[in-house]
Amino acid sequence: MKISKLALTGALLLEQKHHRDARGYFAETYRQQLLDDAVGHSVRFTQDNEAFSQFGVLRGLHYQKPPYAQSKLLRVVQGTVLDIIVDIRHGSPTFGQHLATELSANKPQQLFIPRGFAHGYLTLTPQALLQYKVDNYYSPADDCGLHYADPTLAIDWLLPVEQLRLSAKDQQQPLLNDVPVHFNFTDSQYD
């Protein structure tokens, strides 16, 4: 497995090696020690999640505030998505910046998203299925988000606005400048 650091501090791209033959393939998708070494501390995942979406579905930009903040390790097992992460750690050199990554079932890749990032994705194929691990349980009371069309983020979602399908909740999320400070880069275990 190859692990690469991304432009936003703490975010990682994991690339699996597929061992192929006439029967199909075998791939190692997770190894605790490799991730711990790349992150610089132990990440203990507590919950696995799965999300299925149709074309044009935009989910996000979501995060959980402390004490229920979550790191995620996600991969696409069907279809293709445009995955977006936003650094919301005040004091970070990349605060307010986003990173767009196309993740596809055709590419054996995973994205590690540390605590202190908002996360969302847009389904680019007729359907997409994502699986991801988190290192903290879901807490509805601590569930937060950013507005997908925040002009300060200037995210190119690749599709016209009229093709995006969002929940009412995601359409009403606040702008980054209106979000209270939940994460400080100096307090981060991912700096």
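In the predicted model, Asp-83 stands opposite Tyr-121 in strand E12. The pairing belongs to an antiparallel arrangement in which seven bridges join E8 to E12. E12 is also joined to E6, again antiparallel, through three bridges; here His-62 is the residue opposite His-119 of E12.

Strand E12 is mostly covered, with seven of its seven residues buried. In a regular strand the side chains alternate between the two faces of the sheet. Both faces of E12 are covered: one side carries Phe-117, His-119, Tyr-121 and Thr-123, the other Ala-118, Gly-120 and Leu-122, and all of these are buried.

In soluble globular proteins, nonpolar side chains tend to be buried together. The largest nonpolar core of the model comprises 22 residues, and those with the most contacts inside it are Leu-61, Val-86, Ile-88, Leu-146 and Trp-157. Two or more residues of this core come from each of strands E6 (58–64), E8 (80–87) and E12 (117–123). Apart from this core lies another, of 16 residues, which includes Leu-74, Val-81, Ile-85 and Tyr-121.

Residues up to four places away in sequence being left aside, Leu-146 touches Gly-60, Leu-61, Val-86, Ile-88, Ala-118, Leu-153, Gln-173, Pro-174, Leu-176 and Val-179. Among these contacts of Leu-146, Leu-61, Val-86 and Ile-88 are, like Leu-146, listed with the most contacts inside the largest core. Ala-118, also touched by Leu-146, is on the side of E12 that holds Gly-120 and Leu-122.

Conventions:
Residues are numbered from 1 along each chain as its sequence is written. This is a predicted model: local features need pLDDT of at least 70, side-chain atom pairs count only at pLDDT 80 or more; totals for chains, interfaces and linings use all residues. Side-chain values use heavy atoms; hydrogens and water are left out. A nonpolar core is a set of buried Ala, Val, Leu, Ile, Met, Phe, Trp, Tyr and Cys residues joined through side-chain atoms within 4.5 Å. Buried means under 20% relative accessible area, exposed over 50%, partly exposed in between (1.4 Å probe, protein chains only). Helices (H or I, at least four residues) and strands (E, at least two) are DSSP runs, numbered from the N terminus. Contact means heavy atoms within 4.5 Å. Two strands pair if DSSP finds at least two bridges between them.
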